[in-house]
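Hello,

Here is the structure I promised to pass on. Have a look at it first, and then read my notes below.

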Amino acid sequence: MASGSPLGRLLQEATDRIFLEDFTAPLTLQRGHNSGCRDPVQQGAVQPSRQLANVVAIAQRLSLQWGGVCGEHQEALKLFCVEDQAPICVICKESRTHRAHRVVPIQEAAQQYKKKIQAHLKTLREEREKLLGWKATGEGKCQKYLKQTQAERQKIVAQFQQLRQFLELSLVTTMGQRGD
């Protein structure tokens, strides 16, 4: 199992770093570390960690399921419970939990999901192409509006300078006529 996958990372975290096996009695230290920390601790600073123990148990079950084996019965996961959306073994099918549920061979379920995923992927690709088209159109319009805004700004600045020159000239003329 690749340690880069989420399940691989979970299993790696659920392994005691000292003994390199699954935590059997997960502990938490008062300062928030766990028993894989390797730092010295004072006696009485160690507390059982129910939460960490639950995570380890879930990781172990996931590891078995990922490997294609039922965590409860140690049988191959050959069936898929449609209602629970989970792989199950033949013994699980006969249990009270799944007896009334619709069950199909796991390969059939995998093919159905593969088709659904491919259809969704096709739709997403089409949507992406539309969005990229809209983005390009929007960027083109944005550039056009930016150029228009810059041209308009230059016109306004030029008009303001003309007005200022006119007012300065008017002021000089008015002062000259008064004899100031």
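**The sheet and its surroundings**

Strands E3 and E4 pair in the antiparallel sense over 3 bridges; two strands count as paired if DSSP finds at least two bridges between them. Helices (H or I, at least four residues) and strands (E, at least two) are DSSP runs, numbered from the N terminus. Please keep in mind that this is a predicted model: local features need pLDDT of at least 70, side-chain atom pairs count only at pLDDT 80 or more, and totals for chains, interfaces and linings use all residues. Residues are numbered from 1 along each chain as its sequence is written, and side-chain values use heavy atoms, with hydrogens and water left out.

Within E4, Ile88 is the bridge partner of Leu79. Ile88 also belongs to the largest nonpolar core, whose 7 residues are Cys70, Leu77, Leu79, Cys81, Ile88, Cys89 and Cys92. Such a core is a set of buried Ala, Val, Leu, Ile, Met, Phe, Trp, Tyr and Cys residues joined through side-chain atoms within 4.5 Å. Buried means under 20% relative accessible area, exposed over 50% and partly exposed in between (1.4 Å probe, protein chains only).

Gln74, in the loop between helix H2 (50-66) and strand E3 (79-81), has a positive phi near 60° and is partly exposed, at 49% relative accessible area. Gln85 sits in the loop between E3 and strand E4 (86-88); its phi is also positive, near 55°, and Gln85 is partly exposed at 44%.

Best wishes
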